[in-house]
Amino acid sequence: MKVRFLGAAKTVTGSCHVIEAAGGRFCVDCGMHQGNKAIESRNSDVRAYRPRELDFILMTHAHIDHSGLLPMLVREGFDKPVYCTGATAALLRVMLEDSAHIQETEAQRRSEKYRRRGLKNPRPPLYTVDDARKAVNLLRVVDYHQPFEPAPGVSTVFYDAGHILGSGTLRLEIMEDGQPLSLIFSGDIGRKGALIVRDPEQPPIADYIFMESTYGDRDHKNESDSADELAEALAWSYARKEKVIIPAFAVERTQEILYCLHMLNRDGRLPGDMPVIVDSPLAIRATEIFQNNYELFDDEAKKLLADRENPFALPNLRFTLSSDESRALNSTRGPAVVISASGMCNAGRVLHHLKHNIWRPGASVVFVGYQAAGTPGRKLVEKAKKISLFGEDMEVAARILTINGFSGHAGQGQLLDWLAPLAVRDARLVLIHGEERAQNALAALIKQRFGMDALIPGYLDEIVLEKGRAVRTEAVEEAAHPAVNWEFLTAEVERKWAIFKSKADSLGDRPWVEQTDTEEALAKLDYALTRLISRL
Ligand SMILES: [Zn+2]
Ligand SMILES: [Zn+2]
């Protein structure tokens, strides 16, 4: 049996594990890669997934970094069942269409930009709304705890991962050559005590454990203080008559923030005249899905409901559906809370809110979720002084805060607790869905506490599973991380600079307007170089 890592290997996005076993081929998750341009270019070539040769897909949960390439695989010929829980299916129906809509809008913008510049052949959308609709037609709903057989010799069960509505930990039993082998894919493991969803469930032991490690190097500090921190952030910008921008995943994080604001309001800690705006059509639809799935809530949320309280209701709450309404928010001054996607500021309406507020002293940007490497969100969390939005450099004058207590992921201690009952003799551990630093820290602790070695695969790596052993086969490094050609680029810049200098002597003889145009262009180049140098 083989497992190949097509994403979430020494990184958190692009989750996809392709398994070859029992004479078949299938994958767990098929997420979108998110980060800078080089990382996201992995989305446009799915040949390594071999979509036509996949027999089925198992989807742990609806987040785009676990599901976002499904329409792309469908476009490239995948037409087999995709198994997930009912809530995941309901969420995917709106999320994949939304993702396709973003792809189409961005492609449209690119094409206009190309035409304005007289260029041809802009990159087409990764996939269209039509592809997304075909993808959701493949969804097959399975219940938690109900074993099912997606293929002969493969038995699967979903357990509640407590991460978002419908999220699952998968346990598979696979018969190969008359031998049973069991595998656990943790999916994203939720944080115990999180609002709304239940705590993560513990699956029975298995031979191989593929475990997420997002927060492998840290615990969430002061989780219980999250509501206080949020109240303080609101009061700070309210006093300065400015906005609080909360970039949030449309699913789960947005509802959790609404729930928290609901509780703050009940305690009289939300200024009565401070509007709360959810500016994400997807978040609005997702909130409706939450309201249709109350049975999946934890006991505390259920108790609120029993008392006839809607945990997502607020007196001053507004949802903005159209982009005109969204734009109007930017021309209205005065304090407000704006919750908008994407959560990592790499796309979507939140970018416009940042553009209009990031340079305002008195405004706040409150991060409530994980920020992947390479995203604008990560740069802000790491205290960037300037940020580039829509091709414009902007000063970061707003207050930037991170509230970890809203995280949808287990912290380090909770990950260890989750693993403890599974850390039995002969069980093998593979760490996925985490940055290398976090994974190394977690691996060291696991070794210390359970005497268990952890394998940390890289992008495109492949491992062979046999009972009691994991054999690692190296990826072709060139394919995983194509080398940057520094020599060529540097020589090119030097060559062109020499040409410029050879012509510069005669610049003083040109007409004054032409000279000042050239001066302006050179000043821009100088500024770009200054920025580049300051980054090194
Ligand atoms: Zn997730
Ligand atoms: Zn994830």
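Where does S342 lie? In this predicted model, S342 is found in the loop between strand 15 (336-340) and helix 11 (350-357). The peptide bond that joins A341 and S342 is cis, with omega at about 5°. Most peptide bonds are trans, and most residues other than glycine have a negative phi.

Two further loops bring the phi angle into view. A22 is not a glycine, yet its phi is positive, at about 45°. This residue sits in the loop between strand 2 (16-21) and strand 3 (24-28), and A22 is partly exposed, with 18 other C-beta atoms within 10 Å. K383, also not a glycine, has a positive phi of about 65°. The loop between helix 12 (376-381) and strand 17 (386-389) holds K383, which counts as exposed because 8 C-beta neighbours lie inside 10 Å.

A buried position is found at S364, with 23 other C-beta atoms within 10 Å. S364 belongs to strand 16 (residues 364-367).

Finally, two helices meet. The axes of helix 13 (residues 412-419) and helix 14 (residues 436-450) come within 11 Å and cross at roughly 45°, which makes helix 13 oblique to helix 14. Their crossing is right-handed. Helix 13 contributes Q412, L415, L416 and L419 to the contact, while helix 14 contributes L442, L445, I446 and R449. By type, these contact residues divide into 6 nonpolar, 1 polar and 1 charged.

Methods
Residues are numbered from 1 along each chain as its sequence is written. Chains are lettered from A and ligands numbered from 1 in the order in which they are written. This is a predicted model: local features need pLDDT of at least 70, side-chain atom pairs count only at pLDDT 80 or more; totals for chains, interfaces and linings use all residues. Axes are lines fitted to C-alpha atoms, for helices over the stretch in contact, and angles run from 0 to 180 degrees between N-to-C directions. Helices (H or I, at least four residues) and strands (E, at least two) are DSSP runs, numbered from the N terminus. Angles under 35 degrees count as roughly parallel, over 145 as roughly antiparallel, 65 to 115 as roughly perpendicular and the rest as oblique. A crossing is left-handed if the near helix is turned anticlockwise from the far one by less than a right angle, and right-handed if clockwise. Two residues are in contact if their C-beta atoms, placed from the backbone, lie within 7 Å. Ala, Val, Leu, Ile, Met, Phe, Trp, Tyr, Cys and Pro count as nonpolar, Asp, Glu, Lys and Arg as charged, and the others, Gly among them, as polar. A residue is buried if 20 or more other C-beta atoms lie within 10 Å of its own, exposed if 12 or fewer, and partly exposed in between; C-beta atoms are placed from the backbone.
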